[in-house]
Amino acid sequence: MYICSMELKNDLLLRAAKGEKVERTPVWLMRQAGRILPEYRKVRASVSGFIELAQTPELAAEVTIQPVDILDVDAAIIFSDILVIPEAMGLPYEMIEKKGPRFPETIKSKADVDKMRVADVEESLSYVTKAIEITKKELNGRVPLIGFAGAPWTIFAYMVEGSGSKTFSKAKAMLYTDPELSHQLLSKITDSTIAYLKAQISAGADLVQVFDSWAGILSHDQYKEFAIPYLKKIADAIQEVPKTIFAKDAHAAFADLSKLDYQTIGLDWTMNPREVRKIVGSNKTLQGNLDPCVLYADKNTIRVHTRNMLQHFGTERHIANLGHGVYPDINPDHVKYFIEAVKEYSQK
């Protein structure tokens, strides 16, 4: 049963996620809150950096709402980061400009795992729930607000590796050399994530998305052992709002993902929507999946590729998005071309 906390003026996203009729395809962008907008960069310049911005609820709410005002998307997504979970568990991170996240300490042993606590959301993550409350009030029902968290495997990968990686060989090595310890850490991450998502929903999130950014570096067998059970536990625990799973590069896992209680499955730009639809069936909504690099092109090229994308997905159960987050050097006007094209070509 999904709870509707406020009458929404635009509920296209939620209706599409639940498989209900929509007048047109809803559209939003991963990483739309920030990056490309000069208005975002101005706010970020007023603080020390990304982490301070994310931990200042009033400013996080402001940059969450900016894409709704400027780009006219059909949903807001709270400005935050997936790595707030390991920090709340006792493993703080840094955000290095132009390099990404880095953990000064990493998980190497059972003693390290034992030190990790299940996150106390009220104590450690209240700045996110406060930002959601402020955002909901300021949006005043204009569009839904999306909450999110990282998938347990992706969070595990960062906690063990210590940063982004092409191979995540340290993280994957632990799965092979100490599977029992790996499951212990994944369980703690999962319990923390469930508590976190429930707190976001209580604060006002209308839909939640789970990002499995590094799904594609695991073999299918490993993904079934070390990812799917924890994704299932999250899906089964969260029944208040619709849920989306975005497992990047997880080409082999669609049949497994389709059996989980996520209403929407996200596709990256390398995935064929028609082939995925054959695998997952008609009772799931698909989200995606324009290549972000299309948005470097001219207006006509963007519109042609957007129309082609919509045709591949068909007219039922689709939420338009990019196949990954929007890149920071893309012209905001080109993002607007994409959004306008979705609205124009998807009219029922």
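Which residues of α4 are buried? They are Pro57, Leu59, Ala60, Ala61, Val63, Thr64, Ile65, Gln66, Pro67, Val68 and Leu71. The structure is a predicted model.

**Helix α4**

- Helix α4 covers residues 57-71, which makes 15 residues.
- From its first C-alpha to its last, α4 reaches 22 Å, close to the 21 Å expected at 1.5 Å a residue.
- Because 11 of its 15 residues are buried, α4 is largely enclosed by the rest of the structure.
- The cover over these buried residues includes the helices α2 (38-45), α3 (50-54), α8 (126-139) and α17 (332-345).
- Strands β1 (76-77) and β4 (145-150) are also included in that cover.
- At Ile65, α4 bends by about 30 degrees, and Ile65 is one of the buried residues of the helix.
- A proline, Pro67, follows the bend within four residues; Pro67 is buried as well.
- Asp72 follows α4 and has a positive phi, near 65 degrees.

**Helix α17 and Lys343**

- The end C-alpha atoms of α17 are 20 Å apart, which agrees with the 20 Å that its 14 residues should span at 1.5 Å a residue.
- The buried residues of α17 are Pro332, His334, Val335, Phe338, Ile339, Ala341, Val342 and Lys343.
- These buried residues pack against α2, α4, β8 (285-290), α16 (299-313) and β9 (318-322).
- Lys343 lies in α17 and has a relative accessible area of 15%; the cut-off for buried is under 20%, so Lys343 counts as buried.
- Leaving out residues up to four places away in sequence, Lys343 touches Arg24, Val27, Asp72 and Asp74. Of these, Asp72 is the residue that follows α4.

**Nonpolar core**

- The largest nonpolar core has 128 residues.
- Phe156, Leu185, Tyr223, Leu257 and Phe338 have the most contacts inside this core. Phe338 is also among the buried residues of α17.
- Helix α11 (residues 179-203) gives the largest share of this core, 10 residues.
- Apart from neighbours within four places in sequence, Leu257 is in contact with Tyr223, Ile228, Leu231, Ile245, Ala247 and Ile265.

**Aromatic pairs**

- The structure holds 9 aromatic pairs.
- One of them is formed by Phe148 and Phe211, edge-to-face, at 5.6 Å centre to centre with 85 degrees between the planes.
- Phe148 lies in strand β4 and Phe211 in strand β5 (residues 207-212), so this pair ties together parts that are 63 residues apart in sequence.
- Phe148 and Phe211 are both buried.
- Tyr40, Phe50 and Phe79 form one aromatic cluster.

**A loop residue: Asn272**

- Asn272 sits in the loop between β7 (264-266) and α15 (273-280).
- The relative accessibility of Asn272 is 38%, so Asn272 counts as partly exposed.
- His251 is 21 residues from Asn272 in sequence, and their C-alpha atoms are 9.8 Å apart in space.

**Domain record**

- An unreviewed UniProt entry places the feature "domain: Uroporphyrinogen decarboxylase (URO-D)" at residues 26-35 and 146-162.
- Residues 26-35 are 0% helix and 0% strand, with end C-alpha atoms 22 Å apart.
- Residues 146-162 are 59% helix and 29% strand, and their end C-alpha atoms lie 27 Å apart.

Key. Residues numbered from 1 in each chain as written. Predicted model: local features only at pLDDT ≥ 70, side-chain atom pairs only at ≥ 80, totals over all residues. Heavy atoms only, no water. Helix = DSSP H or I, 4+ residues; strand = E, 2+ residues; numbered from the N terminus. Expected span 1.5 Å × (residues − 1). Bend = angle between axes of the 7 residues up to and from the residue. Buried < 20%, exposed > 50% of the residue type's maximum accessible area, 1.4 Å probe, protein only. Contact = heavy atoms within 4.5 Å. Core = buried A, V, L, I, M, F, W, Y, C linked by side-chain atoms within 4.5 Å. UniProt positions renumbered as here; feature names shortened; annotations may be inferred. Phe/Tyr/Trp six-rings, centres within 6.5 Å; stacked < 30°, edge-to-face > 60°.
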